[in-house]
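Please look through the sequence and the structure shown here before reading on. The paragraphs that follow lead from the overall fold to single residues.

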Amino acid sequence: MSSLTPTVILNSFAMAKKLSPIYTEVIQEPQENEEEASEEKSNSNKHENTFHFKLVVQGIETSGSGRTKQKAKHNAAELMITKLKELHLRNYSGRKPLIRKTKCW
């Protein structure tokens, strides 16, 4: 099994294509009912945060979430890789692949 993370794979692809992946943390404001629930939850488990990131690569957008910022970024990158592969299959059949298959895929 490869030790390459989705963010490393995506960044390698982006560098080769001279693209810039843009990660943006999404702060979700709790609604009134959620505030009460989050107060109760914070009393029982203070370390159960969920982080959300939006990822944009050349106008294509994905988002990911996770218990850590790193996991949220990895999830967003993994979804982006899947989306780019789908776009490749749909738009570039018969041409040179956008993303080469590696041992980790």
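**From the whole fold to single residues**

Among the contacts in the protein with a separation of 6 or more, 45% are made by residues 24 or more positions apart, where contact means heavy atoms within 4.5 Å. This is a predicted model, in which local features need pLDDT of at least 70 and side-chain atom pairs count only at pLDDT 80 or more, while totals for chains, interfaces and linings use all residues. Residues are numbered from 1 along each chain as its sequence is written, and side-chain values use heavy atoms, with hydrogens and water left out.

The protein contains 3 helices and 3 strands, and along the sequence they follow the pattern α-β-α-β-β-α. Helices (H or I, at least four residues) and strands (E, at least two) are DSSP runs, numbered from the N terminus. Of the 105 residues, 21% count as buried; buried means under 20% relative accessible area, exposed means over 50%, and partly exposed lies in between, with a 1.4 Å probe and protein chains only. The protein exposes about 8,200 Å², of which carbon and sulfur atoms supply 48%, and these areas come from the Shrake-Rupley method with a 1.4 Å probe, where for residues only the protein chains shown count as cover.

Thr62, which lies in strand 3, is buried, with a relative accessible area of 8%. Its side chain reaches the backbone oxygen of Ala76 at 3.0 Å. Leaving aside neighbours within four places in sequence, Thr62 is in contact with several residues, including Phe53, Leu55, Ala76, Leu79 and Met80.

The side chain of Thr7 makes a polar contact with the side chain of Thr5 at 3.0 Å. A polar contact is a pair of N or O atoms within 3.5 Å; within protein, one must be able to donate a hydrogen and the other to accept it, and residues adjacent in sequence count only if both atoms are side-chain atoms. Beyond its neighbours within four places in sequence, Thr7 is in contact with Tyr23, Lys73, His74 and Ala77.

Which residue forms a salt bridge with Glu25? The partner is Lys69, and the closest N and O atoms are 3.5 Å apart. The pair links distant parts of the chain, since Glu25 is in strand 1 and Lys69 in helix 3 (residues 69–91), 44 residues apart. A search of the whole structure finds 1 salt bridge, defined as a side-chain nitrogen of Lys or Arg within 4 Å of a carboxyl oxygen of Asp or Glu. Glu25 is partly exposed at 30% relative accessible area, and Lys69 is partly exposed at 40%.

Finally, consider the backbone. Most residues other than glycine have a negative phi. Lys18, however, has a positive phi of about 60° although it is not a glycine; Lys18 sits in the loop between helix 1 (6–16) and strand 1 (22–26) and is exposed, with a relative accessible area of 77%. Gln58 also has a positive phi, near 45°, in the loop between strand 2 (51–57) and strand 3 (60–66), and Gln58 is exposed at 64% relative accessible area.
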